[in-house]
Amino acid sequence: MYKINPDLQVGVEYNPLANDVGPLFNWRVLRETTGQPAIILGTSSDRIGTPSGRAFYVTFSKTVSDGIGLYVGASYSQYEDKILIPAGASFRLSDDWSALLLFDGVKFHPMVTYSWERYSVTFILTQLKQPGVNFSV
């Protein structure tokens, strides 16, 4: 991903297990305010675990209290050939730790992330049964 500005990121995604390469695009159309959620448009690979397809989405996100955020959206899944309704909640546990309860419109994928400086390690329980780890810079 390359951050063009604070509201727009573009990139390329490679999923070796699905032998898939595709574009990433994430645009925060409206920033969150006290009375309005953030609105984000984008595209990425389809849901975790799908063998192919792209997803095209709109997401609404809002901080509901200190350290707690909620989101809901609509995502067109090429793999499913239908609109899915993803949703979730994020929790800032400390300066270094956060958690995300992610529902992709079909399955749940809870995550816990440890961040320091510009690095992060995320532990995920894909579809509530398959463990995984992601390292990001």
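The model is predicted, with local features needing pLDDT of at least 70 and side-chain atom pairs counting only at pLDDT 80 or more, while totals for chains, interfaces and linings use all residues. Residues are numbered from 1 along each chain as its sequence is written, and side-chain values use heavy atoms, with hydrogens and water left out.

The salt bridges, each a side-chain nitrogen of Lys or Arg within 4 Å of a carboxyl oxygen of Asp or Glu, number five in this model. In one of them, Lys62 meets Glu32 at 3.4 Å, N to O. Because Lys62 lies in strand β5 and Glu32 in the loop between β3 and β4 (38-45), this pair ties together parts that are 30 residues apart in sequence; strands here are DSSP runs (E, at least two residues), numbered from the N terminus. Glu32 is itself partly exposed, with a relative accessible area of 33%.

Arg54 lies in β5 (residues 54-65) and Glu13 in strand β2, so the pair links parts 41 residues apart in sequence, and both residues are buried.

A further bridge joins Arg28 to Asp7 at 2.7 Å, N to O. Arg28 belongs to strand β3 (residues 20-30) and Asp7 to the loop between β1 (2-5) and β2 (8-15), so parts 21 residues apart in sequence are tied together. Arg28 is partly exposed, at 29% relative accessibility.

Definitions and conventions: Helices (H or I, at least four residues) and strands (E, at least two) are DSSP runs, numbered from the N terminus. Buried means under 20% relative accessible area, exposed over 50%, partly exposed in between (1.4 Å probe, protein chains only).
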